[in-house]
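Q: I have a model open and would like to learn how to read its features one by one. Could you walk me through them?

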Amino acid sequence: MDVVWRPGTRGSLVLRVSQLVCAAASLVAIVTSNNYLSYSAFFYLSWSMFLQLLESFLLACVDIVCLATNSDLRDIIFVSIILISDWCIGIMSFSAATASAGVIVLFKRDTEFCRAFPQLTCDQYEISGHLSVHGMVIHSCICSFLVLVPGFFRGVVSS
């Protein structure tokens with residue numbers, strides 16, 4: 001059974017590049033904002049997006065090498081490492097995105113902190129939060145195709 005979006009295929013490369021673009025855009029938006037280091041949720045978001053960018057870049061390179069050499073990535077140990085790293089980065093990205101979203105809602109709607117302090121770039125915080133959520137959705141697509149597709153690991157183990 002051949003899974004379309006498994007590691008080492010064009011589909012995986014498309015997902016990784018999309019994830020990389022979202023993580024890079026979120027990181028740029030948060031780093032170029034004012035005082036992001038003063039708030040732990042945004043600092044955590046910046047590190048989470050950096051790690052997601054790094055992981056996406058490395059795995060996109062693996063996909064490119066597999067496509068260029070026409071090799072098949074079915075090593076159970078390597079696929080398991082990819083899966084575990086995806087889960088860890090996914091959990092970290094989810095917690096960072098939700099924490100920053102909570103702070104954004106607090107700043108913009110609950111306390112109107114952004115109106116009281118216009119030097120804060122609340123719109124950039126919000127854009128970074130949205131992009132991190134988009135990257136997280138793409139990330140969950142990758143994990144879904146790796147785990148939830150029936151027979152994926154049977155196909156890996158039998159090869």
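Q: Let us start with salt bridges: how many are there by the rule for a side-chain nitrogen of Lys or Arg and a carboxyl oxygen of Asp or Glu?
A: The rule asks for a side-chain nitrogen of Lys or Arg within 4 Å of a carboxyl oxygen of Asp or Glu. By this rule the count is 4. Please keep in mind that this is a predicted model, where local features need pLDDT of at least 70, side-chain atom pairs count only at pLDDT 80 or more, and totals for chains, interfaces and linings use all residues. Residues are numbered from 1 along each chain as its sequence is written, and side-chain values use heavy atoms, with hydrogens and water left out.

Q: Which residue forms a salt bridge with Asp 86?
A: The partner is Arg 16, and the closest N and O atoms are 2.8 Å apart. Asp 86 sits in helix α3 and Arg 16 in helix α1, so this pair links distant parts of the chain, 70 residues apart. Helices here are DSSP runs of H or I with at least four residues, strands are runs of E with at least two, and both are numbered from the N terminus.

Q: Are Asp 86 and Arg 16 buried or exposed?
A: Both Asp 86 and Arg 16 are buried. The scale is relative accessible area: buried is under 20%, exposed is over 50%, and partly exposed is in between (1.4 Å probe, protein chains only).

Q: Which residues are linked in a network of salt bridges?
A: Lys 108, Asp 123 and Glu 126 make up that network. Asp 123 bridges to Lys 108 with the closest N and O atoms 3.1 Å apart. Asp 123 lies in helix α5 and Lys 108 in helix α3, so their pair ties together parts 15 residues apart in sequence. The side chains of Lys 108 and Glu 126 meet at 2.5 Å, N to O. That pair also links distant parts of the chain, with Lys 108 in helix α3 and Glu 126 in helix α5, 18 residues apart. Lys 108 counts as partly exposed at 30% relative accessibility, and Glu 126 is partly exposed at 23%.

Q: Now to the rings. How many aromatic pairs does a search of the whole structure find?
A: A pair of aromatic rings is described by the distance of the centres and the angle of the planes. Rings of Phe, Tyr and Trp (its six-membered ring) pair if their centres lie within 6.5 Å; planes under 30 degrees apart are stacked, over 60 edge-to-face, and the rest tilted. The search finds 8 such pairs. In one of them, Tyr 39 and Tyr 125, the centres are 6.5 Å apart and the planes stand at 75°, so the pair is edge-to-face. Tyr 39 is in the loop between α1 (10-31) and α2 (40-69), while Tyr 125 is in helix α5 (residues 122-147), 86 residues apart. Tyr 125 counts as buried, at 1% relative accessibility.

Q: What kind of pair do Phe 113 and Phe 117 form?
A: Their pair is tilted, with 4.7 Å centre to centre and 50° between the planes. Phe 113 is partly exposed at 26% relative accessible area, and Phe 117 is partly exposed at 36%.

Q: What is the phi of Asn 35, and where is Asn 35 placed?
A: Most residues other than glycine have a negative phi, and most peptide bonds are trans. Phi of Asn 35 is near 60°, a positive value, and Asn 35 is in the loop between α1 and α2. Phi of Asn 70 is also positive, near 55°, and Asn 70 is in the loop between α2 and α3 (76-110). Asn 35 counts as partly exposed at 42% relative accessibility, whereas Asn 70 counts as exposed at 72%.

Q: Which residues does UniProt list for "transmembrane region"?
A: UniProt positions are given in the numbering used here, feature names are shortened, and annotations may be inferred rather than shown by experiment. The unreviewed entry lists residues 12-32, 44-69, 76-107 and 127-153. In the model, residues 76-107 are 100% helix and 0% strand, with the end C-alpha atoms 46 Å apart. The protein has 6 helices and 0 strands.
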